[in-house]
Amino acid sequence: MNTLLKGITAVLEDGDKYKTEVCDICISGERLERIGSSDGFNADRVIDCKDKLAVPGLINAHTHSYMSLFRNSADDLMFHDWLFGRIMPMEDKLTQDDLYWGTKLACLEMIKTGTTAFLDMNIAREAVTRAISESGLKAVISRGLTGNGRDDKGGLARIEDTLYDMRTYGDNKRLKFMMGPHAIYTTDREYLELCMDKAAEYGLGINIHLSESVKEVEDCISEHGCSPVEYLDNIGMFKFHTVAAHCVQLSDGDIKILADRGVYTVTNPISNAKLGNGFARVPDMLRAGVKLALGTDSAGSNNTLNMFSDMMFMALCHKGQRRDAATVTAHEVLRAATKTGAEALGLSDTGTLKEGMKADIAILDTMCPSLQPTNDLVAALCYSVNGSEVDTVIVDGEIIMENKNLPHMDEERIYYECNKAMKRIDG
Ligand SMILES: [Zn+2]
C-alpha cells in the first residue's frame with residue numbers, strides 16, 4: 001500500500017532543533033519513502049492534507065497501561081501511601097480480564113492523543129500483551145518483576161511470564177520485550193542479578209524505576225552505603241541497555257554516572273509532582289548529556305496518558321522552578337517525546353520524520369483554536385496543543401485512526417468493561 005499525504009505541514013529535524021515545512025509525504029508500505037515532492041510517486045491512496053500538521057508519533061517511554069483502570073481513584077496521596085496503601089491492594093483484586101480492558105483503555109487514549117509507541121510495565125501474563133497487540137500500537141513490554149533471591153517461586157514465575165509473552169507474541173513485529181525489575185526496593189541484589197542473567201541470555205534491555213523518592217535514596221544509602229544509581233552501577237546493570245524511569249533524586253555524581261554509562265532516563269514530571277516526589281534535575285541532566293526521554297507514568301498517578309500534557313508540564317515546571325524561561329526549550333521537550341524516546345525503546349527506525357524511517361505519524365488538524373494563528377508550530381506542540389487536535393494516526397504505514405475513527409477499537413465496550421471492573425474492585 002502506497003499512501004501520499006499531499007501538501008501537509010511536517011515537523012522535521014533541523015540540526016538539533018525542529019522546523020516545519022509544507023511538503024508531500026510519500027509512504028511506501030511501512031516506510032517513509034520520500035518527504036518533499038511526490039513527482040513520479042505511484043500512490044494507491046492520496047490524502048489531501050491542507051490544514052494538517054504531521055508530527056513524529058509520540059513515544060511514551062514509561063507507563064503502566066493496565067492502571068488506566070485506576071484513573072481518578074488514588075489521588076492526593078504521597079508516593080508510598082499511594083503505592084502500598086492504595087494501588088497494591090486494588091491490584092490484588094485484578095483479574096486477567098480487568099488487566100485486558102484497562103490496557104485497552106490506555107491504548108485508546110494514547111492513540112487519540114498521538115502516541116505511536118510506548119514502554120509498558122505490567123503485572124500480567126498474556127492479557128496485557130494481547131490487548132496491546134490488538135491496538136495497532138508499537139510497544140516494548142516488560143513484566144514488572146519483584147522478588148528476593150534466585151529461588152523465589154513468585155519471582156521466578158514473574159520472569160516466566162515475560163518469556164511466555166515473548167514466545168506467544170514473538171511474531172508480532174510491533175511488539176518487543178524487556179526485563180522489568182520493578183525497583184531496588186522491591187527486589188534484592190540476587191534477584192536483580194538473576195534478571196540481568198536473563199536479559200543477557202535473551203538479548204533484552206532492562207526497564208526499571210530508579211531514584212523516584214527521597215525515601216528510596218535514604219533507604220539505599222543506609223542499606224547499601226551508596227545511592228540507588230551507584231548501587232545499580234556497582235552490580236553491573238548499566239552494561240545493559242537500561243531504561244531508568246523517574247530519576248528524580250539525583251546527586252551530581254549520579255548524573256555523571258548516568259551520562260557516562262549511556263543510561264536512558266525517563267522523566268515523568270506530572271506523576272512526580274502529583275505524588276509529591278519533586279522535580280527531576282532535567283536542566284542539569286540535559287546539560288550533562290544524559291539521554292532523556294519523556295513518559296506519562298500511569299493514569300493512576302497522572303491522571304492521563306496524554307503526552308501533550310507532560311510535554312507542556314516538562315517545559316513549564318523547570319522554567320518556574322529555576323526562574324529561567326530558557327532552561328528547557330520546546331525543541332528539547334519534543335526531542336525527549338519522540339527521538340530519544342524511540343532510542344530508549346531500542347527502536348532505531350522511528351521517532352523522526354525522515355526518509356527511510358518507519359511511517360509512524362500523528363496528524364493534527366490545524367483548524368483548531370490552539371493551533372491558530374499558525375505561527376511557531378513547534379512551540380504550539382508544547383505550549384498550546386491539548387491532544388484533541390490529533391485526528392489521524394499512522395503506525396508502520398497503517399492508518400490506525402482516521403478522522404478520529406478507530407477501526408480496531410470498540411470504545412463503548414471498553415468504557416463499559418472498565419466501569420464494571422472498578423465497581424467490583426473498589427465499588
Ligand atoms: Zn512506573
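Colleague: Which residue ranges does the domain assignment give to domain 1 and domain 2 of the chain?

Modeller: In this predicted model, domain 1 comprises 2-56 + 352-401, and domain 2 comprises 58-344. The centres of domain 1 and domain 2, taken over C-alpha atoms, are separated by 28 Å.

Colleague: How many residues does the contact take from domain 1 and from domain 2?

Modeller: Domain 1 contributes 22 residues to the contact, and domain 2 contributes 22 residues.

Colleague: Which elements give two or more residues to the side of domain 1 that touches domain 2?

Modeller: They are the strands β2 (17-28), β5 (52-56), β15 (390-395) and β16 (398-401), together with the helix α14 (377-383). The largest share of this side, five residues, is supplied by α14. By residue class, the side of domain 1 that touches domain 2 holds 15 nonpolar, three polar and four charged residues.

Colleague: Is the crossing of α2 and α3 left-handed or right-handed?

Modeller: The crossing of these two helices, α2 and α3, is right-handed.

Colleague: Which residues in α2 and α3 meet?

Modeller: From α2, the residues are Gln96, Leu99, Tyr100, Thr103, Lys104, Cys107 and Ile111; they meet Ala127, Val128, Arg130, Ala131, Ile132 and Ser135 in α3. The residues of this contact of α2 with α3 comprise eight nonpolar, three polar and two charged.

Terms used: Residues are numbered from 1 along each chain as its sequence is written. This is a predicted model: local features need pLDDT of at least 70, side-chain atom pairs count only at pLDDT 80 or more; totals for chains, interfaces and linings use all residues. Domain bounds come from an automatic or database domain assignment. Two residues are in contact if their C-beta atoms, placed from the backbone, lie within 7 Å. Helices (H or I, at least four residues) and strands (E, at least two) are DSSP runs, numbered from the N terminus. Ala, Val, Leu, Ile, Met, Phe, Trp, Tyr, Cys and Pro count as nonpolar, Asp, Glu, Lys and Arg as charged, and the others, Gly among them, as polar. A crossing is left-handed if the near helix is turned anticlockwise from the far one by less than a right angle, and right-handed if clockwise.
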